[in-house]
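Please open the model in your viewer and keep the sequence beside it. The tour moves from one selection to the next and says what is there.

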Amino acid sequence: MTPLTDRTWLWFAAAAYLAGFGLGTWGVLRERIHSRAWMYTVVSAGFTLHTFGLYLRGMAVGGCPIGNTFELFQFTAWSAIAIYLAIGAAFRLSLLGYFTACLAAVMTSLSLAIPAWDEVKRVSIFGGNPWIEFHAALALLAYGVFALLALTSVMYLLQHYSLRERRLHGMFSFLPSIRDLDQIGLRLLVAGTIMIGLSLGVGAVYWLEDPGSVHVAKLLSTILVAASYVGALVLRLRQVLAGRRLSWTCIILFGCALLSLSAVDASRRPPSATPPTLTP
């Protein structure tokens, strides 16, 4: 019997996340809050399948599976789920699992559905250096935190809308308070900023030794993402950027962070060879 491939296990994980999203949607439509335990169990099952799929991929490529766009999206989704499982129960956010399952289902399914994103890795992207691998993995863990920050921001905007329009039924009745969402968002912003700062610090040590080893597009895009989040945090602490404006900023910044992954992936690809000329 042929063993299941890493992609098959990742499809199983996507199905589990989709099941969690469906469970939450059913509860919202019935205006009954879904069981936090059930949601946690379903998402945990998806996370286990996701972890095993990435483990098989890592064994196949001989390192952390973040070598192309497919793997970057998969690892970012895995990071977001890992952070949710770590903080979801502590903060008692019943809807955070619902939104996280939706995000993970979209990211995993989308990356699986686009074969071009899963090109064969042709070069060693870390050069056998575990610190560079740690730098890259830590950056994607920070992206996972930023993913949850974006979801918390969406929840903040929904709660603000419900209070302004006096709509307190359905999904709106399950949302945490504005104050709780604001504090959780601040903690996630601080945590993500610290993590991406540490990642850049580790990477900078090796970049200063060999500046030519880092593609300019990757360097600029990563620094821009980090600087944007640092700027948002500073403005938040000074109460210059808060409320809805901060929420929209965090959502837009996460979208830009996802777009920056294409620059990171492109920087790893060797120049394409000139195709051979066909002679009659």
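**Helix by helix**

Begin by selecting α1 and α4, which pass each other in a left-handed crossing (left-handed if the near helix is turned anticlockwise from the far one by less than a right angle, right-handed if clockwise; helices are DSSP runs of H or I of at least four residues, strands are E runs of at least two, and both are numbered from the N terminus). Their axes come within 8 Å and cross at roughly 145 degrees, where axes are lines fitted to C-alpha atoms, for helices over the stretch in contact, and angles run from 0 to 180 degrees between N-to-C directions. This is a predicted model, in which local features need pLDDT of at least 70 and side-chain atom pairs count only at pLDDT 80 or more, while totals for chains, interfaces and linings use all residues. Residues are numbered from 1 along each chain as its sequence is written, and side-chain values use heavy atoms, with hydrogens and water left out.

Next, display the side chains of this contact (heavy atoms within 4.5 Å), which include R7, W11 and F21 of α1 and Y98, C102 and L112 of α4.

Now select R7 in α1 (residues 6–29) and D118 in the loop between α4 and α5, which lie 111 residues apart. D118 forms a salt bridge with R7, with the closest N and O atoms 2.9 Å apart; the term requires a side-chain nitrogen of Lys or Arg within 4 Å of a carboxyl oxygen of Asp or Glu. The structure holds six salt bridges.

Move on to α4 (residues 96–113) and α5 (residues 130–165), which pack at an angle of about 125 degrees with their axes 10 Å apart. The crossing of α4 and α5 is right-handed. Here L96, F99, T100 and L103 of α4 meet residues of α5, among them A147, L151 and L158.
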